[in-house]
Amino acid sequence: MALDITQTTLLHASHSKTEWMVPMETGKYRALLRTAELGSITRAAEDLGYTQSAVSRIISDLEQEWGVALLIRGRSGVALTAAGEALLPGLRAVCNAERELQEEVAELHGLTRGTIRVGTFNSISVHWLPRLMKSFLEKYPAIRFEILTHIEYREIEDWVASGHVDCGFISLPCALDLDTVFLRRDRHMAVLPADHPLAGAECYPIDRFAQDPYIKLEDDRDREVIQIFEHCGVKPNLQYLVNDDYAAISMVESGLGVSVLTELVLRRTPYHVVVKPLDPPQFRDIGLAVRDRETASPATARFLSHVVETLAAGEI
């Protein structure tokens, strides 16, 4: 049932005989923040469990109260005005502080309620995150996850720094001043057709990419590999440009060329291809970042510890 929050002044939550009150103003700010993040009043209302008309009235009330237009409304959805963009960092800080306070109160009563917003990239989303979430929720079933995925590590770092997410999986070293923890080293691998002349070799020389037809991912998905070629002084024989990992693997399977992907991406691949380590070996270091481990919310701190312990134990 959708809640029309314009009809009350307080949000009331209860759990295990412990009760606390959430000020209505933060509910209004959260409605505006989710609308900005999702680009849609309708989707924000559905996400928060409010009616669409309630969210529309909340935003109109805030625009009148603050004396500025906050949203640009169009056929494809809504976007923040310049004034809305200027207010966004403060808005997010207030909502984050309220959420973290609720988690601190829950901790005092031995509770584990809260929301963890995780920034991640595709291979982590597919191969690590589902099992990490499942094992974490077995311990803390009242926790809620919000997952945001991006192909750019730097964008995920920006999300962490701005408070858009609580923690983010990234490639180390981090470009920003964030608290990071190393998780695992992931090898870059050559992906070859099954009948390639080097299919039986122990490794694939990087300078061979200058000879074989190379299937390249778009630049924003392939920056690490570009840096590898530049560092090794190799100009690959570029023949095809794609925007999807599995499209590249499928093209390799068909004998159109060779490519470079990480072991994590290639895990459990259904394609009939040959995978060889590069010579010299090349890696990416995967880490998990938070703004500050000392001030992370209780739920985020527990998830960070869970991720580190699970990977260290070799359970993933």
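Start by selecting Arg268, which sits in the loop between α10 (263–266) and β13. Keep in mind as you look around that this is a predicted model. Arg268 counts as exposed, because its relative accessibility is 59% and the cut-off for that word is over 50%. Now check its backbone: phi is near 55 degrees, a positive value in a residue other than glycine.

**Two cis prolines**

Next, pick Asp279 and Pro280. The peptide bond from Asp279 to Pro280 is cis, with omega near 5 degrees. You'll find Pro280 in the loop between β13 (273–279) and β14 (283–290).

Then jump to Leu172 and Pro173, where a cis peptide bond has omega at about 0 degrees. Pro173 belongs to the loop between β7 (167–172) and β8 (179–193). As background, most peptide bonds are trans.

**A charge over a ring**

Show the side chains of Arg185 and Phe283. Arg185 lies over the face of Phe283, 4.8 Å from the ring centre.

Now select Asp212, in the loop between β9 (204–205) and β10 (213–217). Is Asp212 buried or exposed? Its relative accessibility is 7%, so Asp212 counts as buried. Leaving out residues up to four places away in sequence, Asp212 touches His196, Tyr204, Asn237 and Val258. With His196 there is also a polar contact between the side chains, at 2.8 Å.

**Rings meeting rings**

Time to colour the aromatics: how many aromatic pairs are there? The count comes to 11. Take Phe121 and Tyr153 as one of them: their ring centres are 5.0 Å apart and their planes are at 80 degrees, so the pair is edge-to-face. Phe121 is in the loop between β5 (114–120) and α5 (122–127), while Tyr153 is in helix α7 (residues 153–162), so this pair ties together parts 32 residues apart in sequence. Phe121 is buried at 5% relative accessibility, and Tyr153 is buried too, at 18%.

Move on to Phe136 and Phe303, an edge-to-face pair with 5.4 Å centre to centre and 85 degrees between the planes. Phe136 lies in helix α6 (residues 129–139) and Phe303 in helix α11 (residues 298–312), so the parts they tie together are 167 residues apart in sequence. Phe136 is buried at 0% relative accessibility, and Phe303 is buried with a relative accessible area of 0%.

Notes:
Residues numbered from 1 in each chain as written. Predicted model: local features only at pLDDT ≥ 70, side-chain atom pairs only at ≥ 80, totals over all residues. Heavy atoms only, no water. Phe/Tyr/Trp six-rings, centres within 6.5 Å; stacked < 30°, edge-to-face > 60°. Helix = DSSP H or I, 4+ residues; strand = E, 2+ residues; numbered from the N terminus. Buried < 20%, exposed > 50% of the residue type's maximum accessible area, 1.4 Å probe, protein only. Lys NZ or Arg CZ within 6 Å of the ring centre and 35° of its normal. Polar contact = N/O pair within 3.5 Å; in protein donor to acceptor, adjacent residues only side chain to side chain. Contact = heavy atoms within 4.5 Å.
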